[in-house]
Amino acid sequence: MAQTLPKEEAKARFSKIVSDLTKPLSQFGQSFQVWGFVLFTIITLFGYAYFLQLRDGLGVTGMHDYAAWGMYIANFVFFVAAALVGMLITAVLGLIGIKWITPVSRIAEMVAVAFAMMAGLVIVFDMGRPDRLLNVFLYGRLQSPIVWDLTVVMTYTVISLLLLILPMIPDIAIIKKNLPNAPKWQRITWNLLSFGWTGTPEQYKSIHRLVRVLAVLIVPVALAIHTVTSWLFASTLRHGWDSTIFGPYFVTGAFVSGVAAVIIAMYIFRVNYKLENYITDFHFDKIAKLLVLTSLVYFYFNINEFLVPAYKMKQGDDHHILSLFVGEWAGWFWFAQVFGNILPIILLLFKKMRKPTPMFYLAILTVLGAWAKRYIIVVPTQLHPHLPVQNVPEAFHVYYPTGPEIAITIGTIGMAITIITILAKLFPVVSIWETAKEDGVDMDTINE
Amino acid sequence: MKNFKRYISLSIALSVVFSTLVAQDWEVPLTEKSVVSPIAFGPSTQQHGKDLFNTNCKSCHGTPGTESFLPLNPPPGDPASEKFSKQTDGELFYKITNGKGGMPQFKNMLSEQDRWDVISYIRTFHKDYKPANIEVASEAVQSFSGTDLSITLQTNADSAEVIAQVKGMKDGQLINASGVRVSFLVKRNFGFLPIGDPATTNEQGLAQMKYPTDLPGDSIGQYQIRVKLVDDDVYGQVTVDQTVQWGQAFIYDNPLNYRALWGNRANVPLWLLFSYFGIVGGVWITILWVVLQMLKLKKLK
């Protein structure tokens, strides 16, 4: 922490921070309107496609008896994965006292909340009869990973939401004071979420304690959510899924895609919200190194996951592995491995690459690779069952997602981005009070 | 090079042997080829045959005339095709009765009359088919020509034998029915299983069968036997059931009765139940506590 600034300087510094970070909240300019229109279109298309699916059932998708899990579940796994970054940054890095996460952790938490919420919804969209969702709780068997999955997804979403709101309470009180002319919907939300904050030392002590408790709590819950997701696959006896390391394999993969998603969000906010002085090259450099670290760990798990069975080439596994390495899925597989894992490791070793703009494009490729990886985890295994696929319609030998299916999937991604957009219009994406405190502004000034 | 040639010839030899093993030709004994139906084909046999075909054959042979049979090797073939139409009734009957390879044996699944009925249905798709001589066919009719047949059973616990006494009305008199075919069955999980081939009653109207004693029975070794007349199309359904105690005591240990991972909802393993609710409860109590503390922030003045 910097030296405490003299009173006058502190005041000036603080009001600069407040105005820099709250300005975007009241700007609904042309580019924002275009952005909103794009999201609106995506969600409208989703609405139509989902209406078709509700009316005609899952038959409008490309799924069938063999590929009963398709794009939706791949997308679900991707969302859960990316959501894990909240836990990595706020909890793991936060608890061990890493300083540079201050301007990043709220963005990470927003990404986590949006993706975790959508993960829960995607499961519902994957149901032909969503009205039967309640049956999972009424009649579900505790022996079934599906029940655990729903439990952890809900729990993780709630904890992430709390971890987003709690450290934000002082900020909400600040913006409430500083933006008295904001639209009604913003003011109502702020009133509700400021919890009568006045900035007493006891209040600070309390939220510090609560954040700490949640940060500890979220670590096992986050591990559970993605481990259970992996067990949906690993607890079945299928080639490509029958793996003992699926839990850690998924968790480490999740960190890669989550960090990449946060880099994208950081870049967009930095450019659009003009936060160059807050989300600096230094922060990009740091998170680039975090991406290299997570990618290296993930790389290690990939070697274990693929080379060990490839060395043995057990009957059945051989078909699966060859189809990934050199067969029909090779394009997807190598795209996923190269862009989703290997490229970040190599490129980010160079200092020149650890700059916002190149990292932004690299992160987009990494996220695409990560998405493709989920797709080839879910789909190919189902098309290679133990018993040969025979005496079924020709179309059952392959799986191609249909138009409505793709529209619904893109729609869910659009919704996740919409959630982030709304959150970023309601709350400052970088913590005001923590930034001010690190810059040496005294607590009295902050609480004025 | 020499080795190579040897491999080639070996593999040719193997494949010849293999393909003959797999695709052995039908061998229908000459005497069977000329067998004909005991009852003339007509609308009623055809209708019945159609029902039987749809439940027993269609899954593999498809709808006749549409080439919609399963792509198996060797192929089942379309019953409307020449492959079927150029065969005699006897050949078809023999093949349906005995089966081969992918073609199941229907000896015990369909009665003789049922099999003929299916053939009569198949024949409706063959334009050039000429019905066989019915006079010849009448020879095949059962030798006992009485009515109102009944069976009474006598069981011998020591030898596990069943003696069936068949009687029937002829010329206004109840007499022993000889030359009637009787089948002996035992009840299993999914229906009745024949024990051996049907027996024909002797001069005294008696037929007998020895039952195996190593069959799994119920908890005290009982199983249910059934004796029935084979030619129910001639005599009507005549069936007698009886419970005997000739089997092995067998207590079915239903794995669903235990708490286990594969169990139903009520039989969740206790360790899982406690872990689940322990963990979920602990986490949610903490979450609720955090929310309560948040609501109390206001008071921390």
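How many residues does the contact take from chain B and from chain A? The contact, meaning heavy atoms within 4.5 Å, takes 30 residues from chain B and 34 residues from chain A.

This is a predicted model, in which local features need pLDDT of at least 70, side-chain atom pairs count only at pLDDT 80 or more, and totals for chains, interfaces and linings use all residues. Residues are numbered from 1 along each chain as its sequence is written, chains are lettered from A and ligands numbered from 1 in the order in which they are written, and side-chain values use heavy atoms, with hydrogens and water left out.

**Between the chains**

Together, chain B and chain A bury about 2500 Å², with 74% of it on carbon and sulfur atoms; buried area is the accessible area (1.4 Å probe) that two parts lose on being put together, summed over both. Of the area that chain B buries against chain A, 26% is supplied by B:Arg265, B:Met294 and B:Leu297, more than by any other three residues. Zero salt bridges are counted between chain B and chain A, where a salt bridge is a side-chain nitrogen of Lys or Arg within 4 Å of a carboxyl oxygen of Asp or Glu.

**Salt bridges**

| Pair | N to O distance |
|---|---|
| A:Arg13 and A:Asp439 | 2.6 Å |
| A:Arg129 and A:Asp131 | 2.9 Å |
| B:Arg226 and B:Asp241 | 2.8 Å |

The side chains of B:Arg226 and B:Asp241 meet in a salt bridge, and because B:Arg226 lies in strand E8 (residues 223-229) of chain B and B:Asp241 in strand E9 (residues 239-244) of chain B, the pair ties together parts that are 15 residues apart in sequence; strands here are DSSP runs (E, at least two residues) and helices likewise (H or I, at least four), numbered from the N terminus. A:Asp285, A:Lys289 and A:Arg354 are linked in a network of salt bridges.

**Cysteines**

The structure holds zero disulfides over all chains, a disulfide being a pair of cysteine sulfur atoms within 2.5 Å. The cysteine sulfur closest to that of B:Cys57 is in B:Cys60, 8.7 Å away and therefore too far for a bond. B:Cys57 counts as buried at 12% relative accessibility, whereas B:Cys60 is partly exposed, with a relative accessible area of 25%; buried means under 20% relative accessible area, exposed over 50%, and partly exposed in between (1.4 Å probe, protein chains only).
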